[in-house]
Amino acid sequence: MLVAAAFFMENLDATVINTALPALAASFGVQPVDLNIGIAAYLLSLTLLIPASGWLADRLGCRRVFMAAIVVFTLASLLCAMSQNLWQFALARVLQGVGGAMMVPVGRLAVLRNTPKQKLMQAIAMITWPGLVAPLLGPPLGGLITTYASWHWIFLLNLPLGALAFALAGWLIPASDDAAASSRFDWTGFLLCGTACLLLMSGLEQVGGNGRLTLAMLCLFCSAVLLAGLWRHCRRSQAPLLDLSILRIRTYRTTIVGGSLLRAAINTTPFLLPLMLQLGMGVEAFHAGLLLLTLFAGNLGMKVITSRTLQRFGFRHTLLISGLALVLLTLLLATFGPDTPWPWMVLVLLLSGMARSMTFTTLSTLAFVDVPPAQMSHANTLFNMLLRMAYGLGIAFAAIALRLSEGWLPASSPLAHYHFAFCMLAALTLLALWDVWQLPANAGQLLSQQPAPRH
């Protein structure tokens, strides 16, 4: 629960300021568009430093790094609230990203290292829900705080939460985990990985934010070249930043390849849906927000039966069933229009939230089922990197689909463009399931056959 709360706090801060941008701009005396630097600084510092989190945890121990990350994140939140101009705010967001980059991956690693295999399913289910809930709650919560209090409270609320998390971390995370590692830090791998990730995220942001296509393609090309160099370096280095031999584990490789596409599709719906409701169907922002919360209700509702479903059907069948359900429900979203009955929309969104939750949790659990303890740190680092990138990939995919629709169907209504984007999203989900289909039938069998705990 401690790591889940930290994950929620970090994910919430990535999206909560979106609706507070006008208030922040007025306070700093700048244009709202200039505040994008605050969002980009946070996300880019997260992306850049996550690769170093595994080495730090091995070197200093999960408890020390996690507690230090909480201090940095909480202090940065205070500095964000005290900012008097745009650059002070941007620097504080960079520092906050540094704390978040250490806090969540190391917290997840502490859970993986200290949770028995028979309880791993329940633990992963608990710490994955913030990744689904926070992006949905962030924008309306930010608007609520800004409207009825002040934007400063968006960051000040982290202070008591951070103090409580610091105290709980010292109590709950075992001190025996603080064993030092002897390997040197792989600076070459870190520079290659960090630069490649920055260029990849920048390129995806250019595509998703209607930026310059030439610049986006240049960033993506340079990122691909650096990633190829990183792959070559990691295979030759004796102590690489990322141990790519873990990709030989079939279940882990599936969560990296097909799983990344599935997570991209899952993260795209909360981005596309409110745009379609407001710009395509003329729904008021308040009602669109209420409909979006239906996804949140489906996410939470599914957590109750996730473990029992996995024990009943196994990982492969559960992923195929929930993935095919996502394909069908996404196609149903493409049928929404002004005349669609509200009860039907609520039902589809509720079921979609349940399918998203089941798919997300199953992927997150399957990733670490067969990973040996010696490689857990490397597996966790790579997983967390791609978890962040999947969001950018999904937004970029949605933007490309909308642009293609506008080019191919120029005379169509805006609603038709969103319908096309949801159909493309369903196709992406179906493509990702091809990798899942190739999993052995008994993938994760020992874990999925563990008896469910009595409540």
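Helices here are DSSP runs of H or I, at least four residues, numbered from the N terminus. The model is predicted.

**Stop one: His417.** Select residues 414-437 to show helix α17, then pick out His417 within α17. Is His417 buried or exposed? With a relative accessible area of 9%, His417 falls under the 20% limit, so it counts as buried. Now show the side chain of Ser405. A polar contact of 2.7 Å links the Ser405 and His417 side chains. Beyond four places in sequence, His417 touches Leu402, Ser405, Glu406, Leu409 and Ser412.

**Stop two: Leu275.** Select residues 258-280, which form helix α12, and find Leu275 there. Leu275 is partly exposed, because its relative accessible area of 28% lies between the 20% and 50% limits. Which residues does Leu275 touch, leaving out those up to four places away in sequence? They are Gly280 and Tyr418. Draw a distance from Leu275 to Tyr418. Their C-alpha atoms are 8.3 Å apart, though 143 residues separate the two along the chain.

**Stop three: helix α5.** Select residues 86-114, the 29 residues of α5. Next, colour α5 by accessibility. Of its 29 residues, 21 are buried, so the rest of the structure largely encloses α5. Finish at the N-terminal end of α5, where Asn85 is the cap. Zoom in on Asn85 and Trp87. A side-chain oxygen of Asn85 sits 3.2 Å from the backbone nitrogen of Trp87.

Key
Residues numbered from 1 in each chain as written. Predicted model: local features only at pLDDT ≥ 70, side-chain atom pairs only at ≥ 80, totals over all residues. Heavy atoms only, no water. Helix = DSSP H or I, 4+ residues; strand = E, 2+ residues; numbered from the N terminus. Buried < 20%, exposed > 50% of the residue type's maximum accessible area, 1.4 Å probe, protein only. Contact = heavy atoms within 4.5 Å. Polar contact = N/O pair within 3.5 Å; in protein donor to acceptor, adjacent residues only side chain to side chain. Expected span 1.5 Å × (residues − 1).
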